[in-house]
Amino acid sequence: MPQITLHQLSMSYRGPQLLSEVGCRIEAGEKIGLLGRNGAGKSTLLKLLSGQERPESGSIEFAPGTRVAVLPQDVPDGITGTVEEIVSQGLPDEFQLDENHWKRDQYLSNTLQQLELEPHLDFNSLSTGLKRRTLLGRSIVSKPHVLLLDEPTNHLDIDAIRWLEGFLASLESTLLFVTHDRAFLTRLATRILEIDRGKLFDWSCDYETFLKRKEQALLAEEKQQALFDKKLAEEEVWIRTGIKARRTRNEGRVRRLEQMRSTRSQRPKAVGSVRMQFETGERSGNLVCHLEQASFGYGDKQIVAPFDLTIMRGDKVGILGRNGVGKSTLLKGILGKLSPMTGSVRLGTKLEIAYFDQTRDVLDPEKTAVENVGQGKTTIQIGGKSKHIIGYLQDFLFTPEQARSPIRYFSGGQRNRLLLAKLLAQPANMLVMDEPTNDLDSETLELLEERLVEYEGTLLVVSHDRAFLNNCVTSLLVFEEGAIKEYVGGYDDWIRQRKAELTGSNGIKTQSRTASQPTESKEIAASAPKGNSEKKLSFKEKQELDGLPKKIESLEAEQAAIHEQMAAVDYFKQPANLLAADQAKLAKIEEALAKSYERWESLSERA
């Protein structure tokens, strides 16, 4: 029996249906990533599954005795008490008996140790990341059969995210989670569900396979719609001109045309893409910031140890460290908002700074999107041109109705998108962004990465999104062992350099500078004679080389045939075992193709 079954589930909030008669079966132990654009209904589906909302129609069935726990997207208001008290609220009934006090204390202590939480700290004194980790502990400690996680990596540092990945991977509970973290999705998800224009699509594959299949499905949908529109256009021409030469019309053809018009009008509109443009502002001086043995703190307490740093115009610097280690303090110090305890800070000239705040405090939930971004103005200047605020917000996928609505009704992703719109509306030659990726859907996140790479100003960003750091920054400031160290490159480069340092390299700076340069031994190897590779082909190898083009052509034909099958509209409605078999066959073909090309190149060089 399935753990969860959805029957014809529908839900909306005073607008287009978020879920329209969707159905799905979830088996025990599955780890499912729930995807969709911001505002598509991901959090709504989790609320329906957790019982916080009731569907307008349809039903949800759980296997008997199923215990459900949920981690919400945002930290709820009104939570008070110590960390231990809050986590203990999630303990199952079996630990409430008097004779089980010792088991209860031991189990609670183990959970707090795993999450690295101090039991006696006051909840309201914690950082947002530690609050989220406490709420995660409350969910995990209940030993749920089904665990619903809404953006579980938000505000967690990388160490906590990696621990969470390992913990959830070993968990026997059924997982359904919404996340923007692509690395987290890649490692954890064994199945992908996607909400798109009110429908729930079951891709029955991991995240990397989903990306390939999704691209193929979108291309197939685009082709089908183009063919349909072409046929409809031909029929419209016929109805207007074709019957002039006849005294009677083909009523059957007329009815088919009316049906096609109805089908076309009911076609779900594709969700557009965010149009994002940065206002760079006036060019800053070459030097943006120079720190010399600067340390920062509050009162007599030093939080950031003395260090040297130089940031030049155009640098894209990431800041990485555990929650509570002092990243926000470092930001204030670099920007000159906090005086150094030791050393000196020198800021460059003509700096225009725009700040992206992870807590979204600059947004007033009682005001509309127009009021938050326009601040009393009906037009804004973008790219040197005046644009109406409603049109500007439509570039960020807000409809005119949403633009005039109080943002308290917005999802977390929509609020982050609105914050981006507010940030980009002001000219700035330096962007300071604190966790900008939280709650953003993958399409908006990828576009943000593209724009940040193209951005000509200076970027200073705090993030725990590994893929984002790899794609956007040119250097990292990392809090390590009570000090801040600078590394060239993104997250993967830091991991590689860190490993080299621990195994005996000559220091961070030397390692960083030489990371992208060939070593002397590699240069010698590159200029050395090829030796055996210069030997002529044997008769058998010549025959193999002659047969490889035909083999490659055959493999490509098989690959194209499978891709064509996958592009069919009803393809993904087949049983999961058939889909898995096709995917396995495709993987073997792709592996054989890669080896054939490699072999062909190797033999061709010696021919």
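1. The model is predicted, with local features needing pLDDT of at least 70 and side-chain atom pairs counting only at pLDDT 80 or more, while totals for chains, interfaces and linings use all residues. Residues are numbered from 1 along each chain as its sequence is written, and side-chain values use heavy atoms, leaving out hydrogens and water.

2. Helices (DSSP runs of H or I, at least four residues) and strands (E, at least two) are numbered from the N terminus. The expected span of a helix is 1.5 Å times one less than its number of residues, so the 13 residues of helix 14 (442–454) should span 18 Å, which agrees with the 19 Å between its end C-alpha atoms.

3. Buried (under 20% relative accessible area, 1.4 Å probe, protein chains only) describes T444, L445, L447, L448, E449 and L452 of helix 14. Their cover includes helix 13 (412–424), strand 17 (430–434) and strand 18 (458–462).

4. A nonpolar core is a set of buried Ala, Val, Leu, Ile, Met, Phe, Trp, Tyr and Cys residues joined through side-chain atoms within 4.5 Å. The largest has 45 residues, with Y392, L393, L418 and M433 making the most contacts inside it, and its largest share, six residues, comes from helix 13.

5. Beyond its neighbours within four places in sequence, M433 is in contact (heavy atoms within 4.5 Å) with residues including L448 and L452.

6. An open sheet of six strands has the order 5-6-7-3-8-9 with mixed pairing, where pairing requires at least two DSSP bridges. Strand 5 (68–71) and strand 9 (199–202) are its edges.

Notes
Buried means under 20% relative accessible area, exposed over 50%, partly exposed in between (1.4 Å probe, protein chains only).
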